[in-house]
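Subject: Structure handover

Hello,

Here is the structure for you to look at. My notes on side-chain contacts follow below it.

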Amino acid sequence: MTRDTRRGYAKGRAKRVEILDQAMAMFGEVGYRGASLRVIATRCGISHPGLLHHFPTKQSLLLAVLEHRDEVDGEWLALGGPKGVDGLRRLVDLAALNAERRGIVELFSVLAAEATSTDHPAHTYFVERYRTSVLTTAASYRKARDEGALRTGIAPDEAAQQLVALMDGLQIQWLISGCGTDMAGVLRAHVQAQLTVAL
């Protein structure tokens with residue numbers, strides 16, 4: 001492979017990341033249905049056909065944005081393979097991290113609401129994402145219970161559903177309050193009340 005070829009690949013990858021970043025911002029601002037590929041292309045300084053070279057359809061761009069977000073968060077959440085109390089603590093840490101990423105929180109909240117419609121291109125993605133989120137959170141609660149760290153009467157499956165719902169609800173409150181809601185603080189207090197050990 002020549003140096004020029006490598007430089008071309010690097011430029012192509014950099015442009016792809018820029019498109020994903022601009023699309024993420026726009027989907028967060030106006031939702032998937034309200035976003036325009038032409039406007040995203042203009043924001044990236046390329047033509048509409050230039051954008052279609054990287055992402056041939058709006059749906060392929062949306063799914064790439066969601067995959068990119070999951071890759072970043074997934075690697076961070078899985079770091080060290082935390083389960084039990086450590087896994088629950090990592091979710092609280094994620095809420096603190098999200099408080100520094102308004103655009104990503106906005107994107108997720110808008111798209112999750114839109115994707116309740118079965119004909120939305122991200123519907124299947126969100127169905128699977130919620131299923132996985134609840135299952136992995138329930139596994140952390142079960143491990144905490146097995147280690148004697150979970151208060152009596154806390155059912156892991158129910159607690160997992162409640163925690164995922166609380167996280168999403170706090171994100172909406174945080175957005176509406178102009179980022180005034182302490183997402184991590186509320187989440188930490190909720191989880192701490194379920195544990196017999198310090199979070």
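Start at E128, which is partly exposed, with a relative accessible area of 38%. Here buried means under 20% relative accessible area, exposed over 50%, and partly exposed in between (1.4 Å probe, protein chains only). R131 is partly exposed too, with a relative accessible area of 44%.

Before the rest, two caveats. This is a predicted model, so local features need pLDDT of at least 70 and side-chain atom pairs count only at pLDDT 80 or more, while totals for chains, interfaces and linings use all residues. Residues are numbered from 1 along each chain as its sequence is written, and side-chain values use heavy atoms, with hydrogens and water left out.

Salt bridges

The structure holds nine salt bridges. The criterion is a side-chain nitrogen of Lys or Arg within 4 Å of a carboxyl oxygen of Asp or Glu. Three of them are described here, starting with E128 and R131.

- E128 and R131 form a salt bridge, with the closest N and O atoms 2.7 Å apart. Both residues lie in helix α7 (residues 123-146). They are three residues apart, about one turn of the helix. Helices are DSSP runs (H or I, at least four residues), numbered from the N terminus.
- R142 forms a salt bridge with D157; the closest N and O atoms are 2.9 Å apart. R142 lies in helix α7 and D157 in helix α8 (residues 156-176), so the pair ties together parts that are 15 residues apart in sequence. R142 is partly exposed, at 30% relative accessible area. D157 is also partly exposed, at 48%.
- R145 and D146 meet through their side chains in a salt bridge (3.4 Å, N to O). R145 is partly exposed at 40% relative accessibility, whereas D146 counts as exposed at 60%.

Aromatic rings

How many aromatic pairs does a search of the whole structure find? The count is four. Rings of Phe, Tyr and Trp (its six-membered ring) pair if their centres lie within 6.5 Å; planes under 30 degrees apart count as stacked, over 60 as edge-to-face and the rest as tilted. The ring centres of Y125 and F126 are 5.0 Å apart and the planes stand at 90 degrees, so this pair is edge-to-face. Both Y125 and F126 are buried. Together with F108 and Y130, they form one aromatic cluster.

A charge over a ring

The charged end of K58 sits over the ring of Y32, 4.7 Å from its centre. This requires NZ of Lys or CZ of Arg within 6 Å of the ring centre and within 35 degrees of the ring normal.

Best wishes

Definitions and conventions
Helix = DSSP H or I, 4+ residues; strand = E, 2+ residues; numbered from the N terminus.
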